[in-house]
Structure formats: C-alpha cells, structure tokens
Amino acid sequence: RNRRADLEESLQEIQKAVEEIKKRNQQLVAKDKEIEKEQAKTDSEIQKFQKEKQKQLNEVEICFPLRISQLQCCDDDDEGSEDGEGGGESRREREGSRNGHLPRELSKYVVFTRTALLQLIAR
C-alpha cells in the first residue's frame with residue numbers, strides 16, 4: 001500500500017509538472033504570436049519608411065557631364081512624320097543624336113547605362 005501511495009503521489013507530481021509545462025508552453029506560444037505581430041508591424045513600418053525615403057531621393061535632381069559619344073536617342077521611327085506631326089518634333093530633330101547633334105527637347109528622354117539598355121533589349 002505504501003508503495004502504491006508513493007507511486008500515486010509521484011504520478012500526481014509528474015502530472016502537475018506536465019500541466020505546468022503545458023501552461024508555460026501556451027504562454028510562450030501566445031507571446032511568440034504577439035512578437036510575430038509586432039515584428040510584422042515593424043517590418044511594414046520600415047518598408048513604408050524606405051519607400052518614402054526612396055521616393056524623396058528619386059525627386060532629387062542631379063547633373064552630371066556626358067560626352068556626345070555617350071548619348072544615343074532611341075525613338076520609334078513610326079512617331080511623327082517629316083512635317084512635324086506627333087508632338088511637334090520632326091524626324092530630323094529625333095535623329096539628331098545619330099549624326100552628332102542632340103534634339104532640341106531632351107525632357108522626354110531617360111538616361112541609363114549601357115548595361116541596363118542591354119538588359120532591356122534582352123527581355
């Protein structure tokens with residue numbers, strides 16, 4: 001009887017310890033979920049900040065010198081015509097950089113590296 005009573009007492013202690021461990025596990029799982037939510041919120045705020053920062057950096061105007069040999073104006077040959085239709089720019093003005101002259105209006109052109117151009121062509 002004493003042995004059985006000792007075994008039952010030991011079993012109760014083990015069950016009590018198991019219950020405490022389960023309870024602690026539930027608390028840690030809840031805390032983990034809370035931390036994951038906080039991290040997701042923080043990541044979202046960082047992403048928003050980075051996007052805003054990049055937007056502001058994109059608005060910064062910069063100037064840098066280029067040689068004429070580094071420029072190439074790429075236009076569709078279908079745009080406009082000889083008499084200047086299609087934005088008021090003649091084919092001669094659009095083809096200006098091909099024969100050593102820049103077009104009069106450069107505001108609609110984009111500058112990027114030769115590598116980027118080759119990547120776009122490869123698409």
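Predicted model: local features only at pLDDT ≥ 70, side-chain atom pairs only at ≥ 80, totals over all residues.

Modeller: Residues are numbered from 1 along each chain as its sequence is written, and side-chain values use heavy atoms, with hydrogens and water left out.

Colleague: What does the secondary structure of the protein chain come to?

Modeller: Three helices and zero strands. The order from the N terminus is α-α-α. Helices here are DSSP runs of H or I with at least four residues, strands are runs of E with at least two, and both are numbered from the N terminus.

Colleague: What makes the pair glutamate 8 and arginine 4 a salt bridge?

Modeller: The definition asks for a side-chain nitrogen of Lys or Arg within 4 Å of a carboxyl oxygen of Asp or Glu. The closest N and O atoms of glutamate 8 and arginine 4 are 3.3 Å apart, so the pair qualifies. A search of the whole structure finds one salt bridge.

Colleague: Where do glutamate 8 and arginine 4 sit relative to each other?

Modeller: They are four residues apart in helix H1 (residues 2-58), so about one helical turn separates them.

Colleague: Why is arginine 4 called exposed?

Modeller: Buried means under 20% relative accessible area, exposed over 50%, and partly exposed in between (1.4 Å probe, protein chains only). Arginine 4 has 60%, so arginine 4 is exposed. Glutamate 8, at 42%, counts as partly exposed. Buried residues make up 8% of the 123 residues in the protein chain.

Colleague: Which residues make the nonpolar surface patch?

Modeller: Leu57, Val60, Ile62, Phe64, Leu66 and Val111, covering about 590 Å². Patch residues need over 30% relative accessible area and no salt bridge; nonpolar side chains (Val, Leu, Ile, Met, Phe, Trp, Tyr) are joined within 5 Å, like charges within 9 Å. Phenylalanine 64 has 44%, so its accessibility passes that cut-off. Phenylalanine 64 lies in the loop between H1 and helix H2 (91-94).

Methods: Areas by Shrake-Rupley, 256 points an atom, 1.4 Å probe, with all protein chains shown as cover.
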